[in-house]
Amino acid sequence: MNICGYKLSGVHVAQVHAASHHGSLYNRSFIESFEETPMLVAVLTYMGYGILTIFGYLRDFLRHWKIERCHIAREKEEQKDFVPLYQDFENFYTRNLYMRIRDNWNRPICSVPGAKVDLMERSSRDYNWTFEYTGRVVHDVINLGSYNYLGFAENTGPCADSAAEVTIKYGVGVASTRQEIGNLDRHEEMEKLVAKFLGVESAMAFGMGFATNSMNIPALAGKGCLILSDELNHASLVLGARLSGSTIRVFKHNNMQSLEKLLREAIVHGQPRTHRPWKKILIVVEGIYSMEGSVVRLPEVIALKKRYRAYLYLDEAHSIGALGSRGRGVVDYFGLDPCDVDVMMGTFTKSFGAAGGYIAGKRELIEYLRSHSHSAVYATSMSPPVVEQIITSMKCIMGEDGTTIGLKRVRQLAENTVYFRKRLREMGFIIYGNMDSPVVPMMLYMPAKIGAFGREMLKRNIGVVVVGFPATPIIESRARFCISAAHTKDMLDRALSVISEVGDLLQLKYSRHRIQPSLARPFDNNVYEDIDD
């Protein structure tokens with residue numbers, strides 16, 4: 001594969017060109033950037049965590065001697081000789097660091113989570129251990145946190161109308177499993193539609209996206225099997241792999257050399273001790289990685305999977321509906337054959353504005369899972385209005401509703417994503433991920449700036465998600481913006497103006513290279529200096 005690396009003042013960009021001497025695996029440029037953390041910023045970040053840790057131990061000392069009030073869950077004095085239910089030291093980070101900035105999370109909203117939301121205002125008198133509601137509502141907060149990629153999380157329009165009609169006819173719950181008397185005709189129609197949408201033989205749906213991974217991977221792999229997992233895979237994939245009892249080996253994020261090395265070793269050496277061949281080798285990857293904003297190198301993964309005769313499990317929770325000219329995910333984005341992916345998984349919780357997840361693939365696979373998956377056998381059926389929301393939104397994307405609204409939303413999302421990412425880079429922020437990813441991580445680094453950024457943005461009526469350790473590496477705290485087709489250009493410009501203002505206030509413009517703003521000028525690779533990747 002002809003991979004050209006570029007470097008500009010510490011900015012690392014990998015671009016995979018369409019042509020290569022191994023054949024044309026890519027039909028489009030593949031550009032992702034991950035600028036290195038500036039050394040001074042890294043040092044100051046470690047110092048910040050060090051100071052917080054010292055003061056955390058001091059506060060724990062004061063709590064022990066009853067000088068400072070203790071709010072944490074602790075064992076009673078009379079139970080001190082029992083095996084502890086709560087691990088005191090394990091909660092050190094939670095009570096001393098997380099609690100101080102806890103007001104940035106779990107904010108209750110009282111409206112549809114669309115392009116704008118209404119938030120219930122709350123305050124705390126004990127440093128975020130408890131909250132009180134003021135009774136005031138903060139209206140028209142621009143929402144840059146919800147995974148509402150195509151804007152289908154709405155209470156008006158055809159989706160809402162259809163869901164209301166189905167609720168009247170079927171009710172809001174089924175109160176049974178699919179295998180008993182909870183299988184509705186709408187469930188059958190939804191699964192056929194999902195299979196058609198993805199271009200595969202069959203599909204089945206589940207009521208919870210997390211359980212779709214954690215309960216189905218154990219049904220597909222077990223003892224004597226090998227799971228090769230990307231190091232940045234979601235917790236549901238990690239849990240599913242662990243529950244399966246399979247041997248798990250982790251390869252570096254999106255690194256095909258690391259993956260091929262593990263595949264080659266697995267074929268050559270076989271299972272530990274016995275050296276028997278593995279019963280099954282399952283490669284587990286995601287379409288879009290929700291913390292990095294990167295897109296899987298699917299053409300190369302499929303090529304390796306075919307070469308070493310492994311199986312591929314693709315989690316499209318964030319990419320389905322959000323990537324591809326037809327909104328059909330990362331397979332559509334690269335123009336690949338869906339049949340080359342053995343297990344296609346995705347969720348309805350993001351682009352479709354609903355709930356639950358799906359597994360799709362060959363008919364034999366789905367029939368096997370219907371009788372062997374714990375999530376299929378024991379879980380209650382999906383709620384009828386949720387099913388109808390999925391059907392209506394999916395038909396809209398496919399154009400089967402007789403309109404082009406769905407396709408316009410897919411295109412609008414792509415335009416909004418490119419515009420938003422480009423403007424942030426021009427301002428001097430460090431942005432991670434693929435240029436086409438609607439998940440946009442902006443680096444904050446220092447722990448004090450995590451809470452400060454979220455609060456300052458909300459003061460200016462912009463709702464954002466901030467993320468820190470342990471969800472990210474300790475020195476890679478970030479804000480994560482999620483772009484939606486429902487965002488207008490005026491909304492994005494307003495948000496960008498506020499981000500720039502807060503970025504100047506908190507000194508967040510860390511990038512060592514600032515791209516000059518341009519009008520309708522295509523991305524010019526000539527400004528980069530060639531280096532080895």
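This is a predicted model: local features need pLDDT of at least 70, side-chain atom pairs count only at pLDDT 80 or more; totals for chains, interfaces and linings use all residues.
**View 1. Tyr-445, a buried residue with a positive phi.** Here is another residue that is not a glycine and yet has a positive phi, in this case about 70°. Tyr-445 belongs to strand S14 (residues 439–445). Is Tyr-445 buried or exposed? With a relative accessible area of 0%, Tyr-445 is buried, since buried means under 20%.

View 2. Next, please find the bond that runs from Phe-469 to Pro-470. This peptide bond is cis, and its omega is near 10°. To place Pro-470 in the fold, look for the loop that connects strand S16 (465–467) with strand S17 (477–482).

View 3. Helix H5 covers residues 209–220, twelve residues in total. How far apart are its end C-alpha atoms? They are 17 Å apart, which agrees with the 16 Å that the helix should span at 1.5 Å a residue. Nine of the twelve residues of H5 are buried, so the rest of the structure largely encloses this helix. Among those buried residues you can pick out Gly-209, Ala-211 and Thr-212, along with Ile-217, Ala-219 and Leu-220.

**View 4. Strand S9 and its two parallel partners.** Strand S9 spans residues 280–286 and is mostly covered, with six of its seven residues buried. Which strand pairs with S9 through Cys-225? That partner is strand S7 (residues 225–230), which pairs with S9 in the parallel sense over five bridges. Within this pairing, Cys-225 has Lys-280 of S9 as its bridge partner. S9 is also joined by five bridges to strand S10 (residues 311–315), and these two run parallel. Here Ile-283 has Leu-312 of S10 as its bridge partner. In a regular strand, side chains alternate between the two faces of the sheet.

View 5. Cys-339 is exposed, with a relative accessible area of 52%. Cys-482, by contrast, counts as buried at 1% relative accessibility. How many disulfides does the model hold? The count comes to zero. As a reminder, a disulfide is a covalent bond between the sulfur atoms of two cysteines.

**View 6. The protein chain as a setting for the close-ups.** Stepping back, the chain has 15 helices and 18 strands. Buried residues make up 53% of its 533 residues. Of the contacts between residues at least 6 apart in sequence, 68% join residues at least 24 apart. The accessible surface comes to about 25400 Å², and 55% of it belongs to carbon and sulfur atoms.

**View 7. Confidence along the chain.** The average pLDDT of the protein chain is 89, and 90% of the residues score at least 70. Over residues 1–11, however, the pLDDT is below 50, and this stretch has 49 contacts in the model beyond near neighbours in sequence. The pLDDT is also below 50 over residues 518–533, a stretch with 24 such contacts.

Definitions and conventions
Residues are numbered from 1 along each chain as its sequence is written. Side-chain values use heavy atoms; hydrogens and water are left out. pLDDT is the predictor's confidence in each residue, from 0 to 100. Contact means heavy atoms within 4.5 Å. A disulfide is a pair of cysteine sulfur atoms within 2.5 Å. Buried means under 20% relative accessible area, exposed over 50%, partly exposed in between (1.4 Å probe, protein chains only). Helices (H or I, at least four residues) and strands (E, at least two) are DSSP runs, numbered from the N terminus. Accessible areas come from the Shrake-Rupley method with a 1.4 Å probe; for residues, only the protein chains shown count as cover. The expected span of a helix is 1.5 Å times one less than its number of residues. Two strands pair if DSSP finds at least two bridges between them.
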